[in-house]
Amino acid sequence: MSWVVQAYPLGHPLDEPLRYTVIFVRCAGRWLFVRHRERQTWECPGGHIEPHETPLAGAARELYEESGLRCPIIPVSEYYAADGERHGYGRIYLALAQDVAQVPADFEMAEARLFDGLPAEVTYPEIYACIFPIALDFLRARQNIGFAQTLAMSRELWEQHRDTWSPMTMPYARNSLLWMMGEMGEVIDIVKKLGETQIEQSPKVRADLVEELVDVHMYFNDILNRYGISATEFAAAYHEKHQRNMRRDYEKEALRLK
C-alpha cells in the first residue's frame with residue numbers, strides 16, 4: 001500500500017505524540033544521505049524517539065549513530081505518514097555540518113555520501129517526495145534572509161516578551177546600543193584570544209564567532225526598531241551611502257592626510 005504523507009508547521013496541534021525524527025544534513029553545499037547495511041537505497045539519518053527523549057535529543061542521537069556527526073540541528077516542520085500498517089507523526093530537522101564524519105562501525109549504517117539533491121534511489125520515495133522540498137525551502141529561506149525579515153523577527157521576539165522587556169520606544173534604544181557594544185566585545189575577545197587560524201579551522205570557534213556576530217546584529221535591529229527606522233528607510237540611506245563611497249577617491253584622501 002502506498003504512503004499517505006501530510007506536512008504541518010511546527011507547533012501544529014497533533015492528536016498523538018511525535019514518534020519519529022528525520023534529519024536532512026547540509027554539508028559543503030550538498031546533501032548528506034546514508035545507506036543502511038541491509039539496503040542499497042539512501043535515506044536521511046533519523047528514527048524513533050525513545051520514551052525518555054525529547055524530539056531534539058532523539059534527533060541528535062540518531063544523527064550521530066547514523067552519520068557520526070555532532071552539529072547544530074534546527075527544527076523545520078512536523079509531518080504525518082501512514083501506509084495502512086504503520087503510521088505516526090514525526091519532526092523534520094535540518095543539520096548544518098562542516099564536513100563528512102566517519103560513520104560509527106557499531107551501528108546500522110554502512111556509509112554516508114554527499115548528493116546534489118535527493119538521490120534517485122531512496123528508501124521511502126513517497127515520504128521523501130513530500131518532506132525533502134520542505135527542508136529545501138527552509139534552507140533557501142535561511143540563506144536568503146533579508147534585512148526587513150530580521151527587523152520583523154526582532155519585533156516578533158519583543159512582542160512575545162513585551163510584558164517583561166523594556167518598551168519598544170526611543171528612550172530605551174540607548175540600552176540596546178550598550179548591549180550591542182557588549183556583544184561586540186565578545187566578538188573582539190574571540191578574535192584576539194583565538195585568532196584567525198582557529199576561526200578558519202575550528203568549527204566550534206567559527207560557530208561561536210558567528211553566534212556573537214548574530215547577537216550584535218540582533219541588538220542593531222532592536223535599536224532601529226526602537227528609533228522607528230524601517231527597512232525601506234535604512235535601505236535607501238545604505239544605497240545612497242554606497243554610491244557616495246563608490247565615487248570617493250580613497251587614495252587621494254589618504255595622501256591629503258599625510
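The lining of the largest pocket draws at least two residues from each of β2, β7, α2, α3, α4 (173–201) and α5, with helices (H or I, at least four residues) and strands (E, at least two) taken as DSSP runs numbered from the N terminus. The model is predicted, so local features need pLDDT of at least 70 and side-chain atom pairs count only at pLDDT 80 or more, while totals for chains, interfaces and linings use all residues. Residues are numbered from 1 along each chain as its sequence is written, and side-chain values use heavy atoms, with hydrogens and water left out.

A pocket is here an open set of points on a 1 Å grid over the protein atoms alone, where a 1.4 Å probe fits, with protein on both sides within 12 Å along at least five of seven lines; lining residues have an atom within 4 Å of a point. The largest pocket is lined by 47 residues, and R142, V210, E211, V214 and M218 lie nearest its centre. Helix α5 gives the largest share of this lining, 15 residues.

Helix α3 also contributes to the lining. T150, L151, S154 and W158 of α3 are buried, that is, under 20% relative accessible area, with exposed meaning over 50% and partly exposed in between (1.4 Å probe, protein chains only). Down the helix axis, the buried residues of α3 fall within an arc of 105°, so they line one face; the arc is that of the directions from the axis to the C-beta atoms. Exposed E156 and Q160 sit on the face turned away from that buried side. Among the elements covering the buried residues are α5 (203–226) and α6 (231–247).

The largest nonpolar core has 22 residues, of which F24, W31, F33, Y79, Y128 and I131 touch the most other members. Such a core is a set of buried Ala, Val, Leu, Ile, Met, Phe, Trp, Tyr and Cys residues joined through side-chain atoms within 4.5 Å. Helix α2 supplies its largest share, six residues. Beyond four places in sequence, Y128 touches F24, F33, E43, C44, L118, V122 and P133, where contact means heavy atoms within 4.5 Å.

Finally, E62 lies in helix α1 (residues 55–67) and counts as buried because its relative accessibility is 7%. Its contacts beyond four places in sequence are T21, I23, P45, G46, G47 and H48.
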